[in-house]
Structure formats: C-alpha cells, structure tokens
Amino acid sequence: MLDTLTLVETPEGISLHLRSAGLMPRAAAWAIDFAIRLGIVWATGVAIALLGKTGMAIYLLVLFVVFWGYPVLFEVLRDGQTLGKRALNLRVVADSGAPVGWVASITRNLMRTVDMLPFCYGFGAVASLVDPRSRRLGDMVAGTLVVHAEPRRAKGPPALPAAPVQPPVVLAPAERAAVVAFAERAPLLTNERQQELAALLQPLTGTYGNDAVQRLLGMASAILGRRS
Amino acid sequence: MKQESFQALHGAEWDALERWLDVRLQPRARDRLLDASGVMADIEFPAAYRRVCQQLALAERRAYSTLLIERLRELVHRGHLVLYRPRPPAARAILEFFGATFPRLVRRHWRSMAVAAALFFVPLFALIGTLQLRPELAHAVLGPEQLAEVEEMYDPAEHEDRLGRDEQTDLMMFGFYVWNNVSIGFRTFASGLLVGIGPVVTLATNGMFIGTVAGHLTAIGYGGPFWRFVATHSAPELLAIAIAGGAGLQLGMAVLAPGRRSRGRALVEAGRDGAKLALGVFGMLVLAAFIEAFWSSKAALPDLVRFPVAALLWIGILAWLALGGRNLPPDSDPER
C-alpha cells in the first residue's frame, strides 16, 4: 500500500488514524530545532564569556542539556512536539497511538547517535525511506512514530443551500456516503468541476449541468436528514 | 438515526469537549488553571471521552459524512493523547528507580554485563600487570606525545595542591566531566545497535588505554599522584561505562539473535531496558564527575581518609548493584 496511514485499535474499541511523516518534513523540523539549539548555545557562550571559568562550567552544563536533554524534555512535556516539530505540525507518538513516555523518548533520542552515522543522519535517512512508516532506527528501537498532528478542521458539515430531494432509488451506504462527500467538497471545487462530477451521475439525477449539481446537493441534504 | 439528528443530539457535548481540550493543552500551567473552570470539570473528561469514542464508532458504522467522522476522529485522538499522557517524574519514582529498578535491571542482564566487564577490565588489569614486568610495551599502545602528556599530568614534582589537572577550577572540571563522560557512556550504549560492535570497540580500547596509563605511571614511579587521584571516582565511573557497554551489547544481541521474538519486538524490549540502564549510567556518571571534580583532586586530603573512602565506595556500589531491590517481588518492576 502506498498510503502512509496506520490504523491502531485503542482500548476503547475504535481505530486511531496515524499519518506517518516522511523524511522531508522531519528533516525540516530537525533543522529548525538545530538552529534553536545552536542559538541557545551561542547565546550562553556570549553571556558567560564575562564570567570566566565558572561561566565555562555553566556553558558545559548547558551544552549537555541542549545536546541530550532538549528533545526528550520537549517530547514528553509538550505532547510529543519539539519547537521544530510544532512549527511543521508533527508529533512523536508511541506506535500504539499513545503519547510518548519518558523511556521511549530517551531511547529514540539516545539512538540518534546511530542514526547520525556515517554522516549527516545517513542511517536514519535510509531507514526512514525504506520503512513503510518512515521510522528511523531510533523509532524502531523505541517503538515510536512521527506523525502529522491533526489539522484543525471546520466544525462539522457546511450548510447545504439546496432543498432536500429524495433519491429516486434506494442507495447503498457507500453510495450515500459518496453523495454526501460530494456535497461537502463542493465548496472547494469550481462550478465547472462540480458539473463535471455531477455529470457522472446522470442516471441518478436525470439531468446535466447546474441542475444536476443542485439535485445532488438536495439528495445529500435528504440523506443527512434535513427537512425543508 | 439521520446524521442531522445525531449531530443535534451530541453537538453540544463535542463542543464542550473540544473547548476543554483547547484549554487543557495550553502550554502554561497558569492559563490552564484559569480557563478550565466553567468549561467542564476534569473529572468528567474520561466519561466524555469514552462517549465520543462510542459516537465515533456509531458514526463510522452508519456511514455518516466524512467531515463529521473526521471531526470526531480528531477529537478522539486529542483526547487519547491527554488521557494516556505520561506522569511527570515524582521524587518517589526516582528514588525507586535508583534503589530497586536499576540494580535489578543490571542483574537481569548479568550475562551482557559480565561480558562487558570482561571486555573492559581484563585488558585493563592485564596491561597494568604486564607493564610492571615489561615497561617498554607502553610505547606499543600509546604514542610518545600521549605518554609525555600523562607523565606531565601526574608528575609528583609538580601540582602540590591539585591532582590530575592544571589550573582549571573544580566547577569547570565538573561541567567538563559531565559533558564528556556521559556522552561517552550514552554513545557506548547506543552504538550497540550496530550489532554490538560499538560497545566491544569502546570497552576494549578504553580498557587498554586506562590500563596502559595506569601501568606506565606506576612503572616509572609516578603512581602516587595517579592512584590517589583516580581511586575514589573510578568506582562509579568505570562500573558505569561497563554497564553502558553491557546495555549496548544486549541491544546488539537483540539484532543478532532475537530468539523467539520478532527482531522488531526484541529491539523494542532491549531498547526499553537499555534506556533505563542508560538513565542509571547517567546518574552514576554525574556522581563520578562530582567526586572527580570536588574530592579526588584535593591533594591536601590525607591518604588515611582518601583510600578507605575509595574502598567503601567500591564496596558500596558493588553491593548496591548486587543487592538493590532484591526483596521486592519479581513482578513489581514498573514497566514504564
């Protein structure tokens, strides 16, 4: 399957739909994080240059925290998102769809050491291109996934302008769903495209052109249970 | 039930849950406290979440519209992330980890640990012994510049008040030891994923290096400052490196010989234990860095204090690893 969707069944008996993020958005998120970390280290370096050798100690401890601690702390305490991942709307989750825990996050970030080999995240890049869920080696060891966080959607179906029209024949559930999906997507399509799609259903609507579109929207209204 | 009536029936509930999630997921704790009131009480969240799960299942079964199902899915996933969020580390959990979980993990993987310790300590002690009989062999392991450097570091004629370093302050050396040693420990563990080659190489070369330095300095009569410097902090430091290597080997074995598990499953299990071991190694190395920076380097410390403390630390750490948490029932190991 060419799809990046993973279905995970939860204890509540429903499926979570996880959409794995590929190499490029992850690399971009990493680059943003890298710039931020470099900025922190650089700013600390400038600030403590005045403090001499005590400052040097602070500098080394900051270096340690930024290098090893930054991703772990963000991933666990900020719902699986470092600043770079937040910018690209990515999120680290356990492969069960649950939030990433301390142990898993520590594992996947320690394993960066191996993903970075031989240079410039070579192993990690190859692994995430080969793996169907684009996991790098660290994700495989930790049992985690990087997924696209859900985009904020419009609340519910849009209002349909057409008056309800009962379909002339009884439609199967999948057919009804297709008609409703057409109605929901209609605002995103040009009028010509709407007519083109509606023309495919001439046996159902009996007409072409704008009338066909209006009839389909009307049927969608009826299927959704609107009353005129 | 038609979709419209379904939405009319439950819409308000979804809106409330959505608003609660928006508020609870705000980054700053203060905002969460201020805004959560008036939306929905926290205690009602699990029940509301389960109701939405059930409504999602119904909506999918009844083939309601994609937009509605998508909205419910998003709501459920966000709720799932909040409901199963990991707990913040509590002081008690940290205590339990170092008191019981970590030593028990070391013992559970005692085979890897034994192999790692052998890879590290055998070359170390073998070289110390050999160099007493054949001192010239030191030049076969280390180049002349490196030997000159360690000789200069531990020259008994210099450094009356400071052992093992030049003019740097204690605090700066603490920072350096934390950064350097913990990074070495973490890398030793992680490189085990390369079928175990990483830890084998790191352990053996470090064992040889330390053995050569110790043997050489003892042979040329600089042993005094050297042993006085390393005696105490070597206990947590060397043992931590051996444990990190053992955790790495166990990771390598999960790749090489997963046994009756799938390779992926074996890796996840080895990784989970490995991360906990790495956390313990981190604790031990921070302790070692602290001792090395603030205690080991004090030349004024009388040997009558220094060496008994060092012996106590070695015995104490070995006893902790051998006995820690042994009274707990075997299944009380928290899995997360």
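Q: Which helix gives the most to the lining of the second largest pocket?
A: Helix 9 of chain B, with seven residues. Helices here are DSSP runs (H or I, at least four residues), numbered from the N terminus. A pocket is an open set of points on a 1 Å grid over the protein atoms alone, where a 1.4 Å probe fits, with protein on both sides within 12 Å along at least five of seven lines; lining residues have an atom within 4 Å of a point.

Q: What volume does that pocket have?
A: About 1,300 Å³, taken as the space filled by probe spheres set on the points, which are joined across faces, edges and corners.

Q: Which residues are closest to its centre?
A: Of 43 lining residues, Y154(B), F209(B), I210(B), E237(B) and E292(B).

Q: And the lining by class?
A: 30 nonpolar, eight polar and five charged. Ala, Val, Leu, Ile, Met, Phe, Trp, Tyr, Cys and Pro count as nonpolar, Asp, Glu, Lys and Arg as charged, the others, Gly among them, as polar.

Q: Before going on, what kind of model is this?
A: A predicted one: local features need pLDDT of at least 70, side-chain atom pairs count only at 80 or more, and totals for chains, interfaces and linings use all residues. Residues are numbered from 1 along each chain as written, chains are lettered from A and ligands numbered from 1 in written order, and side-chain values use heavy atoms, without hydrogens and water.

Q: What does chain A average?
A: A pLDDT of 86, and 93% of its residues score at least 70. pLDDT is the predictor's confidence in each residue, from 0 to 100.

Q: Where in chain A is confidence lowest, and where highest?
A: Lowest in helix 8 (residues 173–185), at a mean of 85; highest in helix 3 (residues 83–87), at 93.

Q: How many salt bridges over all chains?
A: 21. Each needs a side-chain nitrogen of Lys or Arg within 4 Å of a carboxyl oxygen of Asp or Glu.

Q: What about D79(A)?
A: Its side chain meets that of R85(B) in a salt bridge, 3.8 Å from N to O. The pair crosses between chains, from the loop between helix 2 and helix 3 of chain A to the loop between helix 4 and helix 5 of chain B.

Q: Is the L117(A) to P118(A) bond cis or trans?
A: Cis, with omega near -15°. P118(A) is in the loop between helix 5 and helix 6 of chain A.

How values were computed
Helices (H or I, at least four residues) and strands (E, at least two) are DSSP runs, numbered from the N terminus.
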